[in-house]
Amino acid sequence: MKMSNMENIYYMEDRLLLKTYIKRRIAIVNGKGSEVYDEKGRRFIDLTSAYGVALLGHSNPVIVEAIVNQLKKISSCHGSFYNDARAEFLNEISYFTSRFFSKMLLVNSGAESVDLALKTAFKKTGRSKIIAANRSFHGKTLAPLSITWNPDYKKGLEHIIWNRVVFSEYGNEEDLKNKVDSDTAAIILEPVQGEGGVRIPPEGYLKAAREIASDNGALLILDEIQSGMRRTGPFFAFEKERVIPDVTMLAKGVAGGIPIGVTFFTEEVSTVEEAGFHTSTYGGNPLACAAGAATIKLLRESVTEKEVEERSRAFSKRLEELKGLRIIRELRIRGLMIGIELRVRAKPIVDILTEKGVLVLTAGPTVVRLLPALNIPLSLVDEACSIIIEVMRSYESKLGSSATTG
Ligand SMILES: Cc1ncc(COP(=O)(O)O)c(C=O)c1O
């Protein structure tokens, strides 16, 4: 059946998909750079980059060309054979990663890369306990779900969730020290928490986590799935803190929109490698690798740390205008990972922004989160920020004095 209008699209998705996503009633059918369009051609400024996936904008012409060329050659090649696109991707990504990690494995999603990191920690240490952080998010397949903090995601599964996980207060070094013990296989942290509210830890926290892990024979795993790939400026967010984890993971924007995940291992940890330890049918497929090589080349040559910082400053300068509002609790910005913490619920504001043509995300109940493409034009930053400021001002004035509560 040919879908000809939005009602048909809504109908098919609503009828056939299990309702696990909280949907916005827009059918996005096209995207170009930082703008997306619905079926009727209505334009939205996309400050979500599809949850960080369209890292260099939707339908980036360089990435599209790489994908099309690869598709014409070969799109599937199991990891038990060698492949030129895969070799090129490994070579490209090593430019940013070989200073820290000697080995990697290519998988298909963030959750799978987390799963592999956990398997590595258990196998390397022979221990069974993991320390994760309050408000952590590491994915929703079974093992990552166990170390993801939000109890709502585990409803009805409590009896099966693996219970050797201890949650520590994010940013609290003392708490981490108190919770680690001789059965701790790993401490896993996001260098900047994403889904948990765009939370930036106090300086020195990651360094302390590194020391605590090493002193106790545990691994330090840093989950860079949201914060990596220059999202915060440097290639990995941990570079700013001068900390090197034993294992790290990337996913989301690595292949500019094609599913991929990568788990990285330091020389010492890579000794767990063993035939059959982890394989996956699609892992390292040439299509994702060609898209990934093109994405990394762009990061190397044109979307530099300086570019990201320039855009970050542009957002920061405009969003500072929100600070006088009573509904604003705090602005948290690290590169292009941006959180606007409110004193009111974020969802109604996100919905109004959607109506006004700006797509943003929530991160917990009271945080509006922006994850724009790293190459978003400055003119769109300005246009989108003007709408955000206008919407928040008008929301506050409609709330009147109740805006100060909470
Ligand atoms: C920090 C972090 N880890 C893991 C994941 C899970 O990735 P995926 O949705 O690709 O499984 C996410 C996704 O948002 C994430 O932000």
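Let me start with a term: I call a residue buried if 20 or more other C-beta atoms lie within 10 Å of its own, exposed if 12 or fewer do, and partly exposed in between, with the C-beta atoms placed from the backbone. By that rule helix H9 is mostly covered, with 12 of its 16 residues buried.

Two bits of housekeeping. This is a predicted model, so to speak: local features need pLDDT of at least 70, side-chain atom pairs count only at pLDDT 80 or more, and totals for chains, interfaces and linings use all residues. Numbering runs from 1 along each chain as its sequence is written. Also, helices (H or I, at least four residues) and strands (E, at least two) are DSSP runs, numbered from the N terminus.

Back to H9, then. It covers residues 286-301 and reaches 22 Å from its first C-alpha to its last. That is close to the expected 22 Å, where the expected span is 1.5 Å times one less than the number of residues. Among its buried residues are Pro 286, Leu 287, Cys 289, Thr 295, Ile 296 and Leu 299. What packs over them? The cover includes helix H3 (61-73) and helix H4 (84-97); contact here has C-beta atoms, placed from the backbone, within 7 Å.

H3 also holds Lys 73.

Now the domains. The bounds come from an automatic or database domain assignment, which gives domain 1 as 6-56 + 303-404 and domain 2 as 61-301. Their C-alpha centres are 26 Å apart. Where they touch, 23 residues of domain 1 are in contact with 24 of domain 2. On the domain 1 side, helix H2 (49-52), helix H10 (305-319) and strands E11 (328-334), E12 (337-342) and E15 (367-370) each supply at least two residues. E12 gives the largest share, four residues. By class that side has 13 nonpolar, four polar and six charged residues. Ala, Val, Leu, Ile, Met, Phe, Trp, Tyr, Cys and Pro count as nonpolar, Asp, Glu, Lys and Arg as charged, and the others, Gly among them, as polar.

Three of those strands turn up again in an open, antiparallel sheet of four, in the order E11-E12-E15-E14. Strands pair, by the way, if DSSP finds at least two bridges between them. The edges are E11 and E14 (361-362), each pairing on one side only. E14 and E15 are joined by two bridges, and Thr 362 stands opposite Val 368.

Last, the ligand. Which of the 14 residues around it come nearest? Gly 110, Ala 111, Gly 139, Ile 225 and Gln 226; a residue is near if its C-beta atom, placed from the backbone, lies within 6 Å. Helix H5 (residues 110-125) gives the largest share of the shell, three residues. Overall the shell has five nonpolar, six polar and three charged residues.

Technical notes. Contact = placed C-beta atoms within 7 Å.
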